[in-house]
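Please walk me through this structure.

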Amino acid sequence: MAAVRHFFYVTAPLAKALAVMFEILFPEEYQTYQKAFAAGCWYTEDPGPWLGRVIVYKLDVSLHHDKKDGGPTATFPMGEYDGGFMEFPQLHARYQ
């Protein structure tokens, strides 16, 4: 699990910056997430407030929607690739 701890450690500045934006833009949802995070956090290196993070590497995925989530999702398409897009149905937008 050293790799997981290292991932949380090196991504902590980004997670903290996103948490500040989350708290400012969605204060009620942030408090809900923070309570869940405090109850379910496994690693001290993880600053939260999200209980889960996912890295999708070299995988085409379908549209995904969590029906019970009450807050925002941060997504970062990165790397060198040809084709593909990221779709935001609620905004009627596509990022290529």
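A residue is called buried when its relative accessible area is under 20%, exposed when that area is over 50%, and partly exposed in between, using a 1.4 Å probe and counting protein chains only. The model is a predicted one, in which local features need a pLDDT of at least 70 and side-chain atom pairs count only at pLDDT 80 or more, while totals for chains, interfaces and linings use all residues. Residues are numbered from 1 along each chain as its sequence is written, and side-chain values use heavy atoms, with hydrogens and water left out.

The confidence of the prediction comes first. The pLDDT is the predictor's confidence in each residue, on a scale from 0 to 100. The protein chain has an average pLDDT of 85, and 98% of the residues score at least 70. Confidence is highest in helix 1, at a mean of 92, and lowest in strand 1, at 82.

Next comes the overall layout. Helices (H or I, at least four residues) and strands (E, at least two) are DSSP runs, numbered from the N terminus. The protein chain contains two helices and two strands, and their order along the sequence is α-α-β-β. Helix 1 covers residues 2-25. Helix 2 covers 27-40 and strand 1 covers 86-88, with a loop between them. Strand 2 covers 93-95, and another loop lies between strand 1 and strand 2. The C-alpha trace spans about 40 × 35 × 20 Å along its principal axes.

Of the 96 residues in the protein chain, 17% are buried. Accessible areas come from the Shrake-Rupley method with a 1.4 Å probe, and for residues only the protein chains shown count as cover. The protein chain exposes about 8,300 Å², of which carbon and sulfur atoms supply 59%. Contact means heavy atoms within 4.5 Å. Among contacts in the protein chain with a separation of 6 or more, 52% are between residues 24 or more positions apart.

Part of the surface is a nonpolar patch formed by V20, M21, I24, L25 and F26, with about 510 Å² of accessible area together. Patches are made of residues with over 30% relative accessible area and no salt bridge; like charges are joined within 9 Å, and nonpolar side chains (Val, Leu, Ile, Met, Phe, Trp, Tyr) within 5 Å.

A salt bridge is a side-chain nitrogen of Lys or Arg within 4 Å of a carboxyl oxygen of Asp or Glu, and the structure holds two of them. One joins the side chains of E45 and R5, at 2.8 Å from N to O. Because E45 lies in the loop between helix 2 and strand 1 and R5 in helix 1, this pair ties together parts that are 40 residues apart in sequence. E45 is partly exposed at 25% relative accessible area, and R5 is partly exposed at 34%.

A salt bridge also joins R53 and D46, at 3.1 Å from N to O. Is D46 buried or exposed? D46 counts as buried, at 9% relative accessibility, whereas R53 is partly exposed, at 32%. D46 is in the loop between helix 2 and strand 1. Leaving aside neighbours within four places in sequence, D46 is in contact with F8, F37, C41 and R53.

P77 is found in the loop between helix 2 and strand 1, and is partly exposed at 33% relative accessibility. Not counting residues up to four places away in sequence, P77 touches M86 and Y95.

Two details of the backbone remain. Most residues other than glycine have a negative phi, and most peptide bonds are trans. G48 and P49, however, are joined by a cis peptide bond, with omega at about 5 degrees. P49 is in the loop between helix 2 and strand 1. H92 is not a glycine, yet has a positive phi of about 55 degrees. H92 sits in the loop between strand 1 and strand 2 and counts as exposed, at 76% relative accessibility.
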